[in-house]
Amino acid sequence: MTRFVNIQTNFTSGELDPLVRSRLDLDAYKNGLEVARNVVCQPQGGVTRRPGTKYITELGGSPENGVRLVHFEFSVDDSYMLAFTNNRMYIFKNKVLQTNIAGSGNDYLTTTIASARLDKMCFTQSADTLIVVEEDMVPKKITRTSDTAWSISDITFDSTPQHAYTLTIANTSASGTLTPSDVSGKITLTAQHSTFTTAHVGQYINAQPQGRARIVERVSGTVVNVVTEFPFFDTGAIANADWELETGYEDVWSSSKGWPRTVTFHQGRLYFGGSKSRPSTIWGSKVGLFFDFKPVEGLDDDAVEATLDTNTFNAVVDMISGRDLQIFTSGGEFAVNQEGLNPITPTSFFLSSTSRNGTKEGVRVKQLESGVLFVQRQGKQLSEIAYSDTQLTYVTSKISLLSGHLLKGPKRMDIRRAVNTDENDLLLIVNDDDGSMAVFSLLRAQNVIAASEFTTTGNFLDVGVDITDIYTVVKRTDDTTDKYYVEVFEDNRLTDSAAVGTTASSLDASHIDGQTVNVISDGLVEEDQTADSAVTFVNTPTTSSEVGLPIDVEIKTMPIDIRIQSGTRIGFKKRIVEVNALLYETQNIVINDNLVPIRTLGADALDDEVQEFTGTKVLHGILGYSNEGQITVTQSAPLKLTLLGLEYKIATHQGT
């Protein structure tokens, strides 16, 4: 029998894809885990039990047909999480549901946003107004006046861009001559005979040898006011054979042509990306006039428009205001490149391709300090696109390369940015296939990408971040009925969908009736109970209490790779004979099904909560040989756990 010592100093690679199982040559393998369930990887290298969730409220408005969380930040002191269901919008501030919205007596704002619109709806905010779009819905604006005073209305556009879906050249042979009052700018055109009708407003007049103008007003049958797009040659009368009416132009957004698909603000303009009838076109408003989209004179602050005419279909699915205006489509990613501090103008509004991955519709892209994160069109890959100052172009990297198995039909995505030295940026992705949540702990400056998986008793449906608070909508079962709850992750919670109390002898847990729940009184874990409306404590709490659903924690190392001095791997069966676990503020840990003692026994020790332990715990006498020689860390109680590293001794032999 030969013994070896193996040390895993950190877990900064997180849970690794099973496809990486044979890549012993990767540094990520040495720092990775086979399973990282319900834990979060820390920037210093350890893993800690994920926060539990606190129950806030049950959603109404047919949430089974769709829900959507939207963050709204009005000021430093006023930020909200908005939860949309069928024709309803719930408002949460500081983890509290706001009531009597707009004096209605309801705890929600009545909207006209149906369930069918929620999955694909896009939104952006400026000051006190949230703009919401979806291709089959008239764009909405939601306005906040106070915590409980909100209103919603359809957007009324000052002007709408037009497009000739069917172009027609009208016969002007009987109209006689046409005389311009000037060669360019805002001018008047006068026909010799009555020609113009109100239907010609928004249409075009073309002249030879040169001249093109858009009709903005009909004065009479013979006179129209126009704006030139290309100047006329002179102010002389133009023969009837040398001018024509170009008609067929109509509003690009309407009930028949559909409405904008995506929206964002960028450099003083409101941008819409794609519509049902023109999915690959981008429109930008006039500067400072957010609802005026019709170009007039082509000045720098005029409205802009461009279409993604490439050799692939590019339906716009999202846009973001970053270093440049970045556009994400079903066929690839694009940007409006701006040189230096030069703003976008009608003459510089050009779209350049940055990558050809394609982006999944409905999963909003998220911005990091280093770049923008997006889910690939088929939902199998998480990527980052960032501008490289050395290459002077955008570069795409695959964030989920080593943990792609955790993406199981991604449906929603949001990011909680680090605010402390013991936190990474936390990217949270809700999976539609199994209701799990793929979580990527990111420190891009150090190239740390540590993935883990959150699971719960039920299914995560959505996730949203209000500055530092992570909200989630969860489908759970109350007895035999499906319920849809808004919950929030809290660092001091040790259970899910938790009811929290102080000194009462019981807690209302009716929202999780029929479920087996953990019971905690003053930090002391009591025997599990089956929730039946109220849960009564064995020991009445004097300061705090918590009742909630268990969290299944599992940390499993990669199979051990042992080498002798010559570098040859030893494939013999292995047994772990000793484990030194380096812990930080830990109250409960189980290693390979062996409970590691944390509590120091003494007078009345069993009547007090378990004290947090920091240091090294040694476990001997682990039985059983295996080919992998892995260590599995779990928990037997809802208590704190932070694992910083593992040192373990392995015995090998040649037996079969």
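This is a predicted model: local features need pLDDT of at least 70, side-chain atom pairs count only at pLDDT 80 or more; totals for chains, interfaces and linings use all residues.
Biologist: How much space lies in the largest pocket, and which residues are closest to its centre?

Modeller: A pocket is an open set of points, with protein on both sides. In this model, the largest pocket holds about 1,300 Å³ of space. It is lined by 48 residues, of which T48, R49, P51, D491 and N492 are the closest to the centre. Strands that each supply at least two lining residues include β5 (47-49), β40 (469-478) and β41 (481-490). By class, the lining has 15 nonpolar, 17 polar and 16 charged residues.

Biologist: Which strand gives the largest share of the lining of the second largest pocket?

Modeller: That strand is β7, with 5 residues. The second largest pocket has a volume of about 860 Å³, and among its 30 lining residues H71, F123, R364, V365 and K366 are the closest to its centre. Its lining divides into 14 nonpolar, 7 polar and 9 charged residues.

Biologist: How many cavities of 30 Å³ or more are there, and what lines the largest?

Modeller: In a cavity the probe fits but cannot get out. The count here is 1 cavity of 30 Å³ or more. The largest cavity contains about 110 Å³ of space, and the closest of its 16 lining residues to the centre are K120, R261, T262, V317 and E361. β27 gives the most to this lining, with 3 residues. Charged residues number 9 in the lining of the largest cavity, beside 5 nonpolar and 2 polar ones.

Biologist: Where do E487 and R476 lie, and what is their relative accessible area?

Modeller: Their side chains form a salt bridge at 2.8 Å, N to O. E487 is in strand β41 and R476 in strand β40, so the bridge ties together parts 11 residues apart in sequence. E487 is buried, with a relative accessible area of 0%, and R476 is buried at 2%. Elsewhere, salt bridges with shared partners join K95, D469, E490, R493 and E546 into one network.

Conventions:
Residues are numbered from 1 along each chain as its sequence is written. Side-chain values use heavy atoms; hydrogens and water are left out. On a 1 Å grid over the protein atoms alone, a cavity is a set of points where a 1.4 Å probe fits but cannot get out, and a pocket is an open set with protein on both sides within 12 Å along at least five of seven lines; lining residues have an atom within 4 Å of a point. Grid points are joined across faces, edges and corners, and a volume is the space filled by probe spheres set on the points. Helices (H or I, at least four residues) and strands (E, at least two) are DSSP runs, numbered from the N terminus. Ala, Val, Leu, Ile, Met, Phe, Trp, Tyr, Cys and Pro count as nonpolar, Asp, Glu, Lys and Arg as charged, and the others, Gly among them, as polar. A salt bridge is a side-chain nitrogen of Lys or Arg within 4 Å of a carboxyl oxygen of Asp or Glu. Buried means under 20% relative accessible area, exposed over 50%, partly exposed in between (1.4 Å probe, protein chains only).
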